[in-house]
Amino acid sequence: MSRWVWMMCLALVCWGSLQARGRVEMDFAATPYVDDNLNLHIELDVLNQFRYPIHEMRVYYRDFGASRFESHPLRPEGFRYLASVDLSEFQGSVVEYFIGVEFADGSRQQFPEDAPESRLFSAALNQEIESGDGIVVISPEPGEEIFTDEFILTVSFFQYASQVDLERTKLFLNTWDVSRYVKGYSDFLTFSPRRVPPGRHTIRLELYDRSGGLLTRKEWQFTAVLRRGPTPKSSVGMNINGNFFAEVRREELVDGTLSETYSKSGFRLRGSNRNVSFGTRLFFSNQENRQAQPINRYTAWLQWNFWNNRFLRINGGDTYPQLNPYLLQNVFLRGIYGQMYLKFLNLDFAKGITRRDIEGVGRVDSTGILQVNSPGTFRREVSGLRTSIGGRKNFQWGLTYVKGRDDVKSIQYGRNPEETAAAGTDIYIATDNNHLILEGSFNLSAYNPNILDGKDEPLDSLQKIGVDIDPDLYDLATSIITVNQYLIVIPAKAYEGRMRLNFLNNSFSVMYKYVQDEFRSLAQPFLLRDSKGLTITDNLRLFRNQLFLNLRYQEYENNLSEIKPATIKNRTMALNISYFPVGNLPSLMFGFNNYNRNNGIDESSDPLRFAEDNNTNTINFSTSYAFVASGLNNRLSLNLLSYNREDRTDAQIDNLSNTFSFILQTRYKVPLMTRLEFNFQQTDNTSGSISSNELSLNSFGLGAEYRLGKVFNREDKMVFSLNGRFGSVNSTATSNAGGLNNTTEFNYKRSYLNGRLIYSHARLGRISLNGDLILYSGDRSFNDSILTARYDITF
């Protein structure tokens with residue numbers, strides 16, 4: 001892989017170094033990395049300790065300092081979840097990300113646990129080198145139209161003539177690797193097949209030096225036509241593609257005492273021509289349960305394409321509308337979602353349910369009063385409308401209205417059905433070159449935490465209990481939301497403003513955000529409330545995009561209404577430096593993060609109140625180096641992490657953790673790749689003079705992957721892989737409570753084994769078998785195993 005774009009993310013990646021200790025234990029099975037095509041590869045070890053299965057895991061990512069996240073699903077393979085995320089749109093920047101888990105009951109968990117408010121992982125992406133840095137295209141020129149039988153590629157690279165290793169040069173025609181047919185000379189190369197198929201084609205040329213490092217890359221397109229003339233464009237010819245998969249997974253946990261068989265299948269179909277596109281997605285799981293939130297997915301969409309990227313689109317079934325990040329954004333909705341994008345006028349409409357009704361447990365006692373023992377879940381109905389002006393290239397102004405309401409008749413045994421009505425406006429202004437971008441939004445919400453039977457309380461009844469309200473205001477309020485004694489009368493607000501400056505390889509951003517605790521939108525239930533603060537970020541690219549400097553200052557506090565016992569203030573200062581040197585030198589990354597949390601309580605004057613005053617410093621360093629030894633391509637990666645949390649209160653709950661990892665990946669002349677890794681972690685936790693805990697985690701891993709092509713015919717291939725990780729966990733806990741000194745040791749060994757066999761055929765699809773086995777011995781002694789079989793086909 002290229003030294004230009006490989007980068008280890010924040011080095012919180014060693015075994016157990018930052019495990020998510022919630023319902024699910026998560027840690028990175030391998031160091032996340034970015035490949036030559038700017039794809040972020042993530043591999044997670046996942047142990048579900050919760051009674052509900054995992055419905056979905058996603059990686060949420062954004063440009064450094066941005067406010068909105070995009071997401072990409074992780075696919076399960078045994079105990080592991082994997083993802084390859086295309087980050088090419090963020091080249092030359094730093095991307096922040098975290099992992100989100102959604103369970104079958106609708107609950108969620110993040111990794112890191114305090115994401116996205118406090119800590120996030122990060123990955124640096126180098127700016128791609130373009131043809132201006134040494135590649136000159138002679139023929140065919142970008143955008144040129146030629147005959148299919150007159151294709152001759154000629155490219156000059158005079159600037160790199162003394163550095164290029166012609167044996168390593170790569171040339172791709174669309175997805176075909178045609179490097180073997182290239183004729184290379186001292187400072188230029190040619191490729192001249194007899195003919196190329198008609199249509200539009202993409203050429204990608206990669207030049208490497210003698211150590212295997214990427215010098216430069218160029219990609220461009222051309223069109224080939226038959227001699228009888230260009231093929232007329234058809235407005236009715238439909239391009240159809242899709243895929244289907246089926247999977248069965250058998251889990252045997254804790255020596256088989258917990259056994260479960262999971263099966264799922266899915267189907268995607270997409271069709272398009274110049275005027276119309278459509279698609280559908282179906283997903284089925286045997287874990288679908290009427291007494292839990294939906295797992296199965298049913299989606300269909302139809303889009304009419306107009307001129308200059310304008311369109312009209314209808315989504316039906318299970319959708320994820322994007323109207324407003326404070327009101328309705330990327331939340332599961334089963335219903336309908338319509339979009340009209342005309343640039344001068346845009347319209348978005350969504351209506352459906354975000355939560356299925358699940359009956360609770362209760363009874364009616366002898367006095368006729370309803371007794372709820374275990375409350376159920378009301379069906380939650382949501383509708384939203386957004387209209388905007390402008391295509392968001394230079395300007396857009398929008399208005400959004402979202403209504404959310406629990407259906408009180410959907411279940412008999414439940415508590416406190418809720419209702420919200422919220423509206424917001426947002427604006428986006430940018431110069432033609434995006435040197436200056438201004439954006440912001442302002443939102444108001446009305447909230448009733450208990451609408452009882454869903455009926456408005458009569459005006460005279462409210463006046464009898466002391467609620468003084470004008471009749472005209474009462475009529476207006478009842479037209480918006482259910483009015484009773486529980487309605488929060490004063491609407492709550494949430495707003496943000498942001499300025500971005502982009503100039504001279506520098507991206508500077510300032511954002512202020514304010515969200516009241518009473519602000520609610522039932523269509524955006526995971527919004528962080530009761531928070532206000534400022535975020536300042538600055539990203540600089542220096543020395544021809546070899547050096548990246550990223551700075552962040554963030555300060556937030558809660559208790560906006562000043563009704564809580566104390567105000568918690570959070571401050572974060574971060575510095576990241578990434579270095580991608582020219583030539584055969586290692587890439588480097590250094591990061592420093594300081595996080596401070598204080599609620600201002602003085603224990604000496606008020607010992608009964610809970611005081612918070614802690615300071616956390618995180619230092620990480622990682623380096624990656626590609627080199628050739630004995631004719632083999634190697635990549636060596638080292639990662640160091642120091643995590644130090646100091647508690648300044650009388651409790652003195654401190655944490656000190658140091659982690660080191662070493663990874664060596666080798667590619668052989670045969671289609672074999674091996675991997676060797678070592679991980680070491682030492683953690684000390686103390687609670688003043690009362691107790692302490694020392695934890696040591698050490699492991700080493702090795703793996704091999706072998707690829708076979710043309711196994712039974714020219715269209716198939718097979719991949720074998722074996723991986724293992726072997727480690728020990730040693731823990732010593734000491735307690736001095738009550739003047740007694742007690743020491744407890746807990747030691748065990750953990751061996752993880754994985755085997756994978758994948759057979760794929762270009763036309764018939766892919767079959768994969770994956771086996772995972774975890775062996776525990778010592779104070780923790782049991783075995784876990786997962787066997788997975790899967791079939792995929794793309795057409």
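**Around the largest cavity**

Analyst: Lining the largest cavity are Arg75, Pro76, Glu77, Glu247, Arg756, Ile758, Arg766, Ser768, Asn770, Thr788 and Arg790. Keep in mind that this is a predicted model. How do we even look for gaps like this? Rolling a probe the size of a water molecule over the atoms shows where empty space is left.

The structure holds 3 cavities of 30 Å³ or more, and the largest cavity has about 100 Å³ of space in it. Sort its lining by class and you get 6 charged, 3 polar and 2 nonpolar residues. Now for the strands: β6 (75-77), β47 (742-761), β48 (765-778) and β49 (783-794) each give the lining at least two residues.

For contrast, take a look at the nonpolar cores. The largest nonpolar core has 28 residues, and Ile42, Leu44, Met57, Leu74, Tyr97 and Ile99 have the most contacts inside it. Among the elements that give this core two or more residues are β1 (24-28), β3 (39-48) and β8 (94-103). β8 supplies the largest share, 5 residues. Apart from this core lies another one of 23 residues, including Trp220 and Phe222.

5 of its 5 residues are buried, so β1 is largely enclosed by the rest of the structure. Val24, Met26 and Phe28 point one way from β1, while Glu25 and Asp27 point the other way. β1 also pairs with β3 in the antiparallel sense, over 5 bridges; there, the bridge partner of glutamate 25 is leucine 47 in β3.

Conventions
Residues are numbered from 1 along each chain as its sequence is written. This is a predicted model: local features need pLDDT of at least 70, side-chain atom pairs count only at pLDDT 80 or more; totals for chains, interfaces and linings use all residues. Side-chain values use heavy atoms; hydrogens and water are left out. On a 1 Å grid over the protein atoms alone, a cavity is a set of points where a 1.4 Å probe fits but cannot get out, and a pocket is an open set with protein on both sides within 12 Å along at least five of seven lines; lining residues have an atom within 4 Å of a point. Grid points are joined across faces, edges and corners, and a volume is the space filled by probe spheres set on the points. Helices (H or I, at least four residues) and strands (E, at least two) are DSSP runs, numbered from the N terminus. Ala, Val, Leu, Ile, Met, Phe, Trp, Tyr, Cys and Pro count as nonpolar, Asp, Glu, Lys and Arg as charged, and the others, Gly among them, as polar. A nonpolar core is a set of buried Ala, Val, Leu, Ile, Met, Phe, Trp, Tyr and Cys residues joined through side-chain atoms within 4.5 Å. Buried means under 20% relative accessible area, exposed over 50%, partly exposed in between (1.4 Å probe, protein chains only). Two strands pair if DSSP finds at least two bridges between them.
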